Amino acid sequence: MTQIPPPYSRRVAASDDLEVSAYLEIAQGKCGQGSAPDQPADPQREAILVIDFGSQYSRLIARRVRESKVYCEIIEHETPWESVEHLNPRGVILSGGPASVYEPGAPTAPWWVYDKGLPVLGICYGMQVLVHQLGGEVAPSARREFGHAVLHRNTQDEPLFSGLPASMPVWMSHGDRIIAPPPGFETLAYTENSPVAAIGNRRGIAGIQFHPEVVHTPDGKALLDNFVHSVCGCQALWTPANFVAGAIEDIRSKVGDGKVICALSGGVDSAVAATLIHKAVGEQLTCIFVNNGLLRREEPERVLDTFKKHLGVPLVYADASDQFLDALSEVIDPEEKRRVIGEEFIRVFEREAAWLGTANFLAQGTLYPDIIESKTPENKVAAKIKTHHNVGGLPSRMKLKLIEPLRYLFKDEVREVGLELGLAEEVVYRQPFPGPGLAIRVMGEVTKDKLEVLRAADWVVMDEIKANGLYRRLWQSFAVLTNTQTVGVTGDYRTYGHVVAVRAVTSTEAMTADWARLPYQVLARISNRIANEVPGVNRVVFDITSKPPGTIEWE
Ligand code: XMP
């Protein structure tokens, strides 16, 4: 059997040759998505590019394509061909977006999209863009079409719709519509309100007015699968095994005989990053675990135990709790908390790494959503929601080069890679925990006392969630210490105590989330136990906000 060479051997850690200041420019979107443009196209790779016109669903499109085992990257609409050529694009998807193509300054696709002979799929605004650019006509609709519609096909032999029913439910969300397709295009399908709901030409350029990426279009996944495999001719190279092989090769070539330090947080991301790097360069890796005083109860012990047991890499433990809490004193603003924590982390690293002398790489478990969510508003496409300390808050004076083997992965892909690497399920399926830890779950100023109250409440939540077999079904479950106090009664006495909020959400990669419908008896036990077991708390509330409009964390 022929061995397939790792298709993504240079895919990992595009920023790792860069000093951190330059990296920050990438993280802030000033240099595109961070792919090194000077690499030649590799025939063993394949990629689908999503040109992002600002749709809230762009990332969902990327997720769906990757579920079809094809690597997919989101790029900005001004990205030049030279920056993406090395990815060996096999097709382009134009995302939806809020603009109207006939308005001055509306974003369009770069011309290489049409000139390179690649298959193109325009979705919603993306369809209108290609119609507009290729000589068709788009106009405002008399009626906005939003929600469910039924799509009827005009033709039965389109590869894009292969295997799909003649009529199917689809999800619409548009104000503009196609009046006339561009020359050479055929109308493939219609709905009651959109006479031109899908178009295509013989060159594999197609447009669809509906959203195949959302669950409300039940056949949407099959349609995207048709696009990447039948229309674009992609194989299925995006697998955990291929990723691991490529990442190991890449880390070896980057690190050479240098030394790497890796900050373990206890979470799956840094565990997987460390394991990959350890597999690649063995004892050249030293892990550092910083206790920032913002961890959950028994967390430091558990992390040390887990990593000694599972990773067996040299591990330095730095207890810097007091340093962090001092730095956080009187800090209230959530973004400022993140900045302070990010800065203290780097101080501790610099201090602890000093004895390593020759350490020249810092490994981090940064993920693709971290990169996307930390973009600044100037980046036009995705507005900044929160600065994740491992991206936005790094001081630029830091001299270590970054190595981020997971920066193109979504969370569930990281878990699959973790399993591929042989990590234990208890590590791989651990619920995410934010880098700034409990600091962003204590509203207002962070103090030792408040942290103790939160730890005790959080312990109860975790205990009950696990005892009731819910842990793996929830994306995250935790307690928040609000800065509200309320009146209560215990025995015959009036109390004036803290309000604890319980948060439990389901999600696939934290871009959107829904509040979990926890069984009443579980909520009742959590509430009862917190009120009884956590001194100073006399009220428990349950957060029933989805994301959006909320975020998962409270700060
Ligand atoms: P939000 O609260 O933005 O969180 O919906 C999305 C996911 O990211 C985690 N999170 C963070 N992780 N540094 C991190 O490393 C941060 O500053 C940070 N803020 C939120 C959050 O727990 C959730 O999984």
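## Cysteines and a parallel sheet

The sulfur of cysteine 287 lies 4.6 Å from the closest cysteine sulfur, that of cysteine 262, which is too far for a bond. A disulfide here is a pair of cysteine sulfur atoms within 2.5 Å, and the structure holds zero disulfides. This is a predicted model, in which local features need pLDDT of at least 70 and side-chain atom pairs count only at pLDDT 80 or more, while totals for chains, interfaces and linings use all residues. Residues are numbered from 1 along each chain as its sequence is written, and side-chain values use heavy atoms, with hydrogens and water left out.

Cysteine 72 is also too far from a partner for a bond, as the table shows.

| Cysteine | Closest cysteine sulfur | Sulfur distance |
|---|---|---|
| cysteine 72 | cysteine 234 | 9.6 Å |
| cysteine 287 | cysteine 262 | 4.6 Å |

Buried means under 20% relative accessible area, exposed over 50%, and partly exposed in between (1.4 Å probe, protein chains only). Cysteine 72 is buried, at 0% relative accessible area. Cysteine 287 is buried at 0% relative accessibility.

Strand β12 covers residues 285–291 and pairs with β13 in the parallel sense over five bridges. Strands are DSSP runs (E, at least two residues), numbered from the N terminus, and two of them pair if DSSP finds at least two bridges between them. Asparagine 291 stands opposite aspartate 319 in β13.

Five strands make up an open sheet with parallel pairing, in the order β13-β12-β11-β14-β15. Its edge strands, β13 (315–319) and β15 (401–403), each pair on one side only. On average, neighbouring strands of this sheet are turned by 30° against each other, direction ignored; axes are lines fitted to C-alpha atoms, and angles run from 0 to 180 degrees between N-to-C directions.

Notes. Helices (H or I, at least four residues) and strands (E, at least two) are DSSP runs, numbered from the N terminus.
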